[in-house]
Amino acid sequence: MAWYAYCIGEKQAFPELARHRKPVPLQSVLGVSGNQVFLYPASDLAIIVSEHNPKYALTQQSGVDHARVIADCFQHSTVLPFRFGSVFSDDEALRKSIRSNQRQFQGNIDKLRGKAEMHLKIHVDDCCGPEIERHLSADKVGREYLSNLRESATRARERQTRARAVSFQMHKLFMPLDEDVSCRLTDNGKMVLDIAHLIDRKCVERYQNKFATTSAMLRECQMQISGPWPPYHFVHRLTRAAHAHAHPAVEAAVVQRTAAVPAVSMMAGSVPV
């Protein structure tokens, strides 16, 4: 029987595993395709899985179900999410994978225990103006071509400087334990910064209050917040740092966050939904 894997948790966080060595149903939790979710014991770890038929294709709804199960388990335990679509062919494949990587999994749980991820999305007006980059044809050469190359490089440096300044300001205001920042340019001439902050779970309310005051202060930026999430970005970072050429199971124990089931979502100037 194949197992679909959602995440790895702490065995001690699930009292129903105390006297069992076989998979135990996680009550009132259904996973992908509406299948019953099980707690699969593995030493001090609990692997959250459900039965899986490889003949059934995974859908967008499957991704929503995947994230919902992880979010539910995160309410009880530190979790290491698996990538969406992670399947083990049978019990032996699952047990072998966990055994061979148990030290790494346990170490990551210890490092992330009591922590959560908050996510900021910040829309900033492009410091280089809203004009669209000119597309030069292949036969344009000479002074005009080189001039435009220099202008484009200058704009790129100015955007990087602006993005670094905003992310530094966010770091100084929110003081996270760790952060992961990416930046992209939209078609309408705005930069969008996606910032993941790792914080103590007990500080979530303080973080949300800081967001409210910050968004009121920085009116030139449109800000969004979501979380608390399982620490998706930071599981990925720990895994990459320890395994440059990881075993497939270690690579699998990371999943990109999906915005389908946020625990908290807030727009600047609005109320949580």
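## Buried residues

A residue counts as buried when its relative accessible area is under 20%, and this cut-off is used throughout the following account of a predicted model. In the chain as a whole, which has 273 residues, buried residues make up 42%.

## The chain as a whole

The chain contains seven helices and 11 strands. When contacts between residues at least 6 apart in sequence are considered, 74% of them join residues that are at least 24 apart.

## Aromatic pairs

Five aromatic pairs are present in the structure. One of them joins W3 and F38 in an edge-to-face arrangement, with 5.9 Å from centre to centre and 75° between the planes. This pair links distant parts of the chain, since W3 belongs to strand β1 (residues 2-10) and F38 to strand β3 (residues 36-42), with the two residues 35 apart. The pair between F82 and F88 is edge-to-face because the ring planes stand at 85°, while the ring centres are 6.0 Å apart. F82 has a relative accessible area of 0% and is therefore buried, and F88, at 10% relative accessibility, also counts as buried.

Ring pairs also connect W3, F38 and Y40 into a cluster.

## A charge over a ring

What lies over the face of F74? The residue in question is R201, which is placed at 3.9 Å from the centre of the F74 ring.

Notes. Residues are numbered from 1 along each chain as its sequence is written. This is a predicted model: local features need pLDDT of at least 70, side-chain atom pairs count only at pLDDT 80 or more; totals for chains, interfaces and linings use all residues. Side-chain values use heavy atoms; hydrogens and water are left out. Rings of Phe, Tyr and Trp (its six-membered ring) pair if their centres lie within 6.5 Å; planes under 30 degrees apart count as stacked, over 60 as edge-to-face and the rest as tilted. Helices (H or I, at least four residues) and strands (E, at least two) are DSSP runs, numbered from the N terminus. Buried means under 20% relative accessible area, exposed over 50%, partly exposed in between (1.4 Å probe, protein chains only). A charge sits over a ring if NZ of Lys or CZ of Arg is within 6 Å of the ring centre and within 35 degrees of the ring normal. Contact means heavy atoms within 4.5 Å.
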